[in-house]
Amino acid sequence: QVQLVESGGGLVQPGGSLRLSCVASGSIFRFYAMGWYRQAPGKQRELVATIASGGSTNYADSVKGRFTISRDDAKNTVYLQMNSLNSEDTAVYYCNTYPSNLLVWGLGTQVTVSS
């Protein structure tokens, strides 16, 4: 079974940057669009960014211009570069296939934006 492992989160000050990584244990995801999702305390999980197998990207309005999603199929990895972070970006971040979440959710990586 393919496993997803997210990493790269942490505590960052407002205006700071982080780069998240999501590694899949198998090479299956190279055939799928992938998405980064996040879930803030007390809120539903929301879609943040997507990247198609061909590389085209889309972003939620709340992160457009600040976040960049990319993928390296040779490394079975999808990335999320996050700049100009603010408190509203605080959440646990996950990756999965898009639009259908075909893989078992990983544990996510916590991003906390605070001074």
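Predicted model: local features only at pLDDT ≥ 70, side-chain atom pairs only at ≥ 80, totals over all residues.
Local features were taken at pLDDT of at least 70 and side-chain atom pairs at pLDDT 80 or more, while totals for chains, interfaces and linings use all residues. Residues are numbered from 1 along each chain as its sequence is written, and side-chain values use heavy atoms, with hydrogens and water left out.

One disulfide was found, a disulfide being a pair of cysteine sulfur atoms within 2.5 Å. The bond joins Cys22 to Cys95, with an S to S distance of 1.7 Å. Cys22 belongs to strand β3 (residues 18-24) and Cys95 to strand β9, so distant parts of the chain, 73 residues apart, are linked. Strands are DSSP runs of E with at least two residues, and helices are runs of H or I with at least four; both are numbered from the N terminus. Both cysteines, Cys22 and Cys95, are buried. Here buried means under 20% relative accessible area, exposed means over 50%, and partly exposed lies in between (1.4 Å probe, protein chains only).

Two aromatic pairs were counted. Rings of Phe, Tyr and Trp (its six-membered ring) pair if their centres lie within 6.5 Å; planes under 30 degrees apart count as stacked, over 60 as edge-to-face and the rest as tilted. The ring centres of Tyr37 and Trp105 are 5.2 Å apart and the planes stand at 85°, so this pair is edge-to-face. Tyr37 lies in strand β4 (residues 33-39), whereas Trp105 lies in the loop between β9 (91-98) and β10 (109-113); the pair therefore ties together parts that are 68 residues apart in sequence. Tyr37 is buried, with a relative accessible area of 7%, while Trp105 is partly exposed, at 28%. Tyr94 and Trp105 make an edge-to-face pair, with 5.9 Å from centre to centre and 85° between the planes. Because Tyr94 lies in strand β9 and Trp105 in the loop between β9 and β10, this pair ties together parts eleven residues apart in sequence. Tyr94 is buried, with a relative accessible area of 11%.

The charged end of Arg45 is placed over the ring of Trp105, 3.8 Å from its centre. Arg19 lies over the face of Tyr79, at 4.0 Å from the ring centre.

Side chains of opposite charge can pair when their charged atoms come close. A salt bridge requires a side-chain nitrogen of Lys or Arg within 4 Å of a carboxyl oxygen of Asp or Glu. Five salt bridges were found in the whole structure. One of them joins Asp89 to Arg38, with the closest N and O atoms 2.9 Å apart. This pair links distant parts of the chain, with Asp89 in the loop between β8 (77-82) and β9 and Arg38 in strand β4, 51 residues apart. Asp89 is buried at 1% relative accessibility, and Arg38 is buried at 6%. Arg66 and Asp89 also meet in a salt bridge, at 2.8 Å from N to O. Arg66 lies in the loop between β6 (57-59) and β7 (67-72), 23 residues apart from Asp89. Arg66 is buried, at 14% relative accessibility. Salt bridges that share partners join Arg38, Glu46, Arg66 and Asp89 into one network. The side chains of Asp61 and Lys64 form a salt bridge at 3.2 Å, N to O; Asp61 is exposed at 67% and Lys64 is exposed at 51%.

Terms used. Lys NZ or Arg CZ within 6 Å of the ring centre and 35° of its normal.
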